Amino acid sequence: MKKIYSSDNIIMAGHIHSLLEANGINCHLRNMNLSGGIGELPINECWPEVWVNDEADYSLAEEIITAILNKTDNNTSWKCSCGETVEGQFDTCWSCGNTNTGL
Ligand SMILES: [Zn+2]
């Protein structure tokens with residue numbers, strides 16, 4: 001097992017976990033219970049963490065996370081399944097109403 005990601009953003013950690021699982025990577029979350037330990041440990045050791053179960057998946061998981069983070073940071077446009085190109089700041093296609101599934 002190997003830690004692939006940690007963040008103080010519990011939603012982002014959960015999001016990354018579910019996207020990795022959706023891509024066939026076995027992984028799990030740690031430290032999702034933020035009520036415990038804070039004050040006793042350095043705060044960043046209490047952050048939610050995503051771990052890949054099989055280190056063979058690590059580089060693929062890293063690519064997926066990089067793609068997710070780039071997508072979040074940059075407003076790059078994406079192509080909807082209906083064929084329309086949608087500006088990156090919109091999650092939903094203006095033409096057919098589909099949601100960006102990412103990747
Ligand atoms: Zn569309």
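Mentor: A residue is called buried if its relative accessible area is under 20%, exposed if over 50%, and partly exposed in between, with a 1.4 Å probe and protein chains only. By that rule, buried residues make up 28% of the 103 residues in this chain. The model is predicted: local features need pLDDT of at least 70, side-chain atom pairs count only at pLDDT 80 or more, and totals for chains, interfaces and linings use all residues. Residues are numbered from 1 along each chain as its sequence is written, and side-chain values use heavy atoms, with hydrogens and water left out.

Trainee: What makes Cys80, Cys82, Cys93 and Cys96 the residues that coordinate the zinc ion?

Mentor: Donors are N, O and S atoms within 2.8 Å of the metal (3.2 Å for Na, K and Ca); water is not among the atoms, so sites may look incomplete. The SG atoms of these four cysteines lie at 2.2 to 2.3 Å from the zinc ion. Along the chain, the donors follow the spacing C-x1-C-x10-C-x2-C.

Trainee: Why is the arrangement around the zinc ion called tetrahedral?

Mentor: Four donors count as tetrahedral if all angles lie between 85 and 135 degrees. The 4 donor atoms subtend angles of 104 to 114 degrees, and therefore the arrangement is tetrahedral. The ideal angle for four tetrahedral donors is 109.5 degrees.

Trainee: Why does Cys82 count as partly exposed?

Mentor: Cys82 has 40% relative accessibility, so it counts as partly exposed. Cys96, at 38%, counts as partly exposed as well.

Trainee: What makes up the helices and strands of this chain?

Mentor: Helices (H or I, at least four residues) and strands (E, at least two) are DSSP runs, numbered from the N terminus. The chain has 2 helices and 5 strands, in the pattern β-α-β-β-α-β-β along the sequence.

Trainee: How do you know that strand β1 pairs with β3?

Mentor: Two strands pair if DSSP finds at least two bridges between them. Strand β1 (residues 2–6) is joined to β3 by 4 bridges, and the two run antiparallel. Strand β2 (residues 27–30) also pairs with β3 in the antiparallel sense, over 4 bridges. Val52 in β3 stands opposite Lys2 and opposite Cys27.

Trainee: How do you know that both faces of strand β3 are covered?

Mentor: In a regular strand the side chains alternate between the two faces of the sheet. In β3 (residues 49–52), Glu49 and Trp51 on one side and Val50 and Val52 on the other are all buried.

Note on methods
Four donors count as tetrahedral if all angles lie between 85 and 135 degrees; four count as square planar and six as octahedral if opposite donors are over 155 degrees apart and all others between 65 and 115; anything else is irregular.
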